[in-house]
Amino acid sequence: MFTLPDLPYDYQALEPFIDEQTMHVHHDGHHAAYVKNLNEALADYPEWLDKEVAEVLKNLVQIPEEIRIKVKNNGGGHFNHSLFWESLSPQAEKEPSGSLLKDIEKIFSSFSDFKKEFTQKAMGLFGSGWTWLAVKNQKLIIQTTANQDSPVAEEIIPILGLDVWEHAYYLKYQNRRAEYIEAWWNVVNWRKISDKYSQNL
Ligand code: MN3
């Protein structure tokens, strides 16, 4: 069985950038539903229920066709949100460190240029989806995915993900996605992302 992870901080901890009510709806409502629906979809296929969700997503072709889309959507939702919560912190650093900072500067010329490009991609994403900082063939990339599609299904390692579904910001920011993204940068847990990057080099 897949289980909903607890938030690594209190629901109000990311205030004022991400509000308590949104965190409740997002974690206890949306993420919980992905976990429930994933377990239901795989109920008749218990061999998949004790795998890591990333393993399930990497092997979707082996999932019976009649439940494959449901597993892709809800498994992606579970994986993506688990990464999202742990990528944030009320004690956030302003920027990455170590090899991550060095490689961001190498590829995007500066950390502020990286932020600009990431923000533009997130702003340009039509409808619901995610923007990622990820490692592909040992190189940093910015990627966007639609719906709950997850880069991990394509052998890409996401190290930071921004949820740009309206459910992630509508209660506080309504249609002002740009304000949400600007606020979100303030709670990105760069220490954690930098560590994750070093482990995946
Ligand atoms: Mn979401």
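How much area do domain 1 and domain 2 bury between them, and what part of it lies on carbon and sulfur atoms? In this predicted model, domain 1 and domain 2 bury about 1700 Å² between them, and 60% of that area is on carbon and sulfur atoms.

The chain is divided into domain 1, which covers residues 20-86, and domain 2, which covers residues 98-199. The C-alpha centres of domain 1 and domain 2 are 21 Å apart, and the contact takes 19 residues from domain 1 and 23 residues from domain 2. Across this interface of domain 1 and domain 2 there are 9 residue pairs in polar contact, and 2 salt bridges are found there as well.

On the side of domain 1 that touches domain 2, helices H1, H2 and H3 each supply at least two residues, and the largest share, 10 residues, comes from H3. Sorted by class, that side of domain 1 has 7 nonpolar, 9 polar and 3 charged residues.

| Helix | Residues |
|---|---|
| H1 | 20-41 |
| H2 | 53-58 |
| H3 | 65-86 |

**Salt bridges**

The count of salt bridges comes to 9.

**The manganese site**

Which residues coordinate the manganese ion? The donors are His 26, His 81 and His 167, each through NE2, together with Asp 163 through OD, at 1.9 to 2.1 Å from the ion. Along the sequence, these donor residues follow the spacing H-x54-H-x81-D-x3-H. His 26 belongs to helix H1, whereas Asp 163 belongs to strand E3 (residues 157-163), so the pair ties together parts that are 137 residues apart in sequence.

**Two points in the backbone**

As a background to the two backbone features described next, most peptide bonds are trans, and most residues other than glycine have a negative phi. The peptide bond that leads from Glu 15 to Pro 16 is cis, with an omega near 0 degrees, and Pro 16 is placed in the segment before H1. Asn 137, a residue other than glycine, has a positive phi near 50 degrees, and Asn 137 is found in the loop between strand E1 (129-136) and strand E2 (139-146).

Conventions: Residues are numbered from 1 along each chain as its sequence is written. This is a predicted model: local features need pLDDT of at least 70, side-chain atom pairs count only at pLDDT 80 or more; totals for chains, interfaces and linings use all residues. Side-chain values use heavy atoms; hydrogens and water are left out. Domain bounds come from an automatic or database domain assignment. Contact means heavy atoms within 4.5 Å. Buried area is the accessible area (1.4 Å probe) that two parts lose on being put together, summed over both. A salt bridge is a side-chain nitrogen of Lys or Arg within 4 Å of a carboxyl oxygen of Asp or Glu. A polar contact is a pair of N or O atoms within 3.5 Å; within protein, one must be able to donate a hydrogen and the other to accept it, and residues adjacent in sequence count only if both atoms are side-chain atoms. Helices (H or I, at least four residues) and strands (E, at least two) are DSSP runs, numbered from the N terminus. Ala, Val, Leu, Ile, Met, Phe, Trp, Tyr, Cys and Pro count as nonpolar, Asp, Glu, Lys and Arg as charged, and the others, Gly among them, as polar. Donors are N, O and S atoms within 2.8 Å of the metal (3.2 Å for Na, K and Ca); water is not among the atoms, so sites may look incomplete.
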